[in-house]
Amino acid sequence: MLRSNLNTINARIFNKTAIRIDDQALREVEACYRFLEKFEQGKVIYGINTGFGPMAQYRIGDADLNSLQYNIIRSHSCGAGEALPDICVRAAMLARLQTFLNAKSGVHPDVVRILADFLNNEIYPLVPRHGSVGASGDLVQLAHIALALIGEAEVSFRGETVPAAEAMAACGITPLRLRIRDGLALTNGTAVMTGIGLVNLAQARRLLGWAVKASVMLNEIVESYDDFMAGALNEYKLHAGQIEIARQMRAICASSRRLRKRDAELYSGDTGAEPTFRHKVQPYYSLRCIPQILGPVLETISQAEKILVEEFNAVDDNPVVDPATGTIYHGGNFHGDYVSLEMDKLKIAVTKMTMLAERQLNYLFHDRINETLPPFVNLGKLGLNYGLQAAQFTATSTTAESQTLSNPMYVHSIPNNNDNQDIVSMGTNAAMLTQQVVENGYQVAAIEMLALVQAADYLQCAGELSDATRQLYADIRGIVPRFADDTPKHREIAAIENFLKNNSASL
């Protein structure tokens with residue numbers, strides 16, 4: 001089976017490119033199914049002629065084998081909480097489809113076809129937020145997806161919630177008829193945590209791009225010395241992420257007329273006799289240590305990408321039906337520890353990025369620290385008007401929430417399932433918490449962007465910014481014009497957040 005790279009995966013998730021399954025792939029899925037059909041005769045195979053989980057000790061009679069596959073879907077459709085976003089369900093369905101195309105699950109080709117039909121017609125099952133402990137994969141949430149495939153659930157379709165059977169009829173799709181182990185295969189794997197993780201990954205990478213650009217703009221506004229981003233300095237630290245962030249910053253600020261040159265001002269021997277320097281010799285860490293802070297974030301995102309792409313392409317089923325070796329393996333490929341650990345690491349990295357934005361915001365707002373701007377970049381009448389004073393409350397409280405949410409799920413295993421599942425990954429919980437942390441990061445970034453353009457207007461320096469940051473200034477000002485009067489800002493903050501989510505911080 002051809003492996004999918006991140007570009008292909010993202011195109012299918014976000015651009016909704018059509019899913020086309022070639023004949024060779026279908027033949028391989030068919031061959032795996034036929035192998036299982038023959039192999040299972042006269043043998044005891046988990047989930048085919050046994051019960052599930054701790055009920056595996058009970059043999060299932062021939063008359064009940066088909067009902068068994070329906071029962072796992074119906075019994076496990078017991079999630080709770082609000083529904084996952086459609087984009088996450090789409091990503092989960094794509095991950096499940098990829099697993100089946102590895103031809104190691106023993107599913108009937110109709111399973112592959114109906115998943116592709118749902119995706120191509122943008123039919124998304126309603127999948128509750130809560131239900132997975134991350135091993136045996138995402139049983140409950142995947143059961144809700146499978147329930148829709150057999151026509152017994154509700155789905156999101158063309159902007160409405162409708163019965164699955166209604167959406168399927170509108171698209172000419174026949175409900176899936178389950179075969180030998182289709183029910184178990186559809187519910188047993190890491191697709192939901194992987195799908196959410198891939199959405200988180202894309203959004204976190206985009207947020208990092210905006211964090212780098214905002215950091216450059218802040219240093220431009222306060223006229224920092226530029227040597228903190230020098231190539232040689234950052235290369236001496238050896239870390240690839242730090243070196244790359246510094247390179248990006250240099251590229252962004254190449255056309256800037258705001259940054260100071262230490263050689264010209266402090267190394268020239270002509271610094272005057274004043275005992276106190278008017279301009280800070282070294283700025284605060286939230287301005288000066290950007291490569292060292294965002295470098296680890298970049299490397300964490302890169303590692304998460306590696307793991308998530310591997311998991312997306314993997315055989316995450318159990319048991320694994322392997323015509324190549326002529327047997328069926330019973331193991332634990334459904335276990336989500338790889339995803340769980342990466343999601344915990346990613347949310348920590350995004351929270352640190354959010355903390356950086358909050359501290360940069362504090363620098364802009366605190367007139368006794370920056371010694372340049374009015375309090376809270378207030379362009380109105382001090383005391384009568386309040387600028388972005390209250391917006392800091394939002395940024396600070398949101399950052400604090402992310403700090404709490406960044407406690408790890410990976411180490412919070414709770415035995416369950418009659419202790420059959422005695423150590424689990426909690427990978428889906430980790431992915432969903434990461435999703436909230438990423439959302440919080442965008443909210444704080446939106447407030448910082450608003451503060452940056454207000455500061456640029458106070459100093460009347462927008463024309464001296466680099467080409468890249470001047471474009472950022474223009475983009476934000478296109479959403480929120482310069483303001484001095486006190487007006488509600490929640491809609492403007494939401495609009496900036498939406499802009500950041502849907503656009504990349506290109507150089």
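The lining of the second largest cavity has seven nonpolar residues, no polar ones and one charged; here Ala, Val, Leu, Ile, Met, Phe, Trp, Tyr, Cys and Pro count as nonpolar, Asp, Glu, Lys and Arg as charged, and the others, Gly among them, as polar. This is a predicted model, in which local features need pLDDT of at least 70, side-chain atom pairs count only at pLDDT 80 or more, and totals for chains, interfaces and linings use all residues. Residues are numbered from 1 along each chain as its sequence is written, and side-chain values use heavy atoms, with hydrogens and water left out.

**Cavities**

- A search of the whole structure finds two cavities of 30 Å³ or more. A cavity is a set of points, on a 1 Å grid over the protein atoms alone, where a 1.4 Å probe fits but cannot get out, and lining residues have an atom within 4 Å of a point. Grid points are joined across faces, edges and corners, and a volume is the space filled by probe spheres set on the points.
- The second largest cavity holds about 40 Å³ of space, and Met93, Arg96, Leu115, Leu142, Ile145, Ala146, Leu149 and Leu186 line it.
- Two or more residues of that lining come from each of α4 (86–101) and α6, with α6 giving the most, four residues. Helices (H or I, at least four residues) and strands (E, at least two) are DSSP runs, numbered from the N terminus.
- The largest cavity has about 110 Å³ of space. It is lined by 14 residues, of which Leu207, Ala211, Met353, Ala357 and Ala445 are the closest to its centre.
- Helices α9 (191–221), α15 (337–365) and α18 (427–459) are the elements that give two or more residues to the lining of the largest cavity. By class, this lining has nine nonpolar, four polar and one charged residues.

**Helix packing**

- Helix α3 (residues 65–76) packs on helix α6 (residues 139–149) at an angle of about 115 degrees, with their axes 8 Å apart. Axes are lines fitted to C-alpha atoms, for helices over the stretch in contact, and angles run from 0 to 180 degrees between N-to-C directions.
- That angle makes α3 roughly perpendicular to α6. Angles under 35 degrees count as roughly parallel, over 145 as roughly antiparallel, 65 to 115 as roughly perpendicular and the rest as oblique.
- From α3, the contact (heavy atoms within 4.5 Å) involves Ile73, Arg74 and His76, and from α6 it involves Leu139, Val140, Ala143, His144, Ala146 and Leu147. These divide into six nonpolar, two polar and one charged residues.
- Helices α9 and α14 pack at an angle of about 160 degrees, with their axes 10 Å apart, so α9 is roughly antiparallel to α14.
- In that pair, residues of α9 including Leu201, Leu208 and Ala211 meet residues of α14 including Leu294, Ile301 and Leu308. The contact has 14 nonpolar, five polar and three charged residues.

**Backbone details worth a look**

- Ala135 and Ser136 are joined by a cis peptide bond, with omega about 15 degrees; Ser136 lies in the loop between β3 (128–130) and α6.
- Another cis peptide bond runs from Asn318 to Pro319, with omega near -10 degrees. Pro319 sits in the loop between α14 (290–313) and β6 (320–322).
- Ala103 is not a glycine, yet it has a positive phi of about 55 degrees; you will find Ala103 in the loop between α4 and α5 (109–120).

Note on methods:
On a 1 Å grid over the protein atoms alone, a cavity is a set of points where a 1.4 Å probe fits but cannot get out, and a pocket is an open set with protein on both sides within 12 Å along at least five of seven lines; lining residues have an atom within 4 Å of a point.
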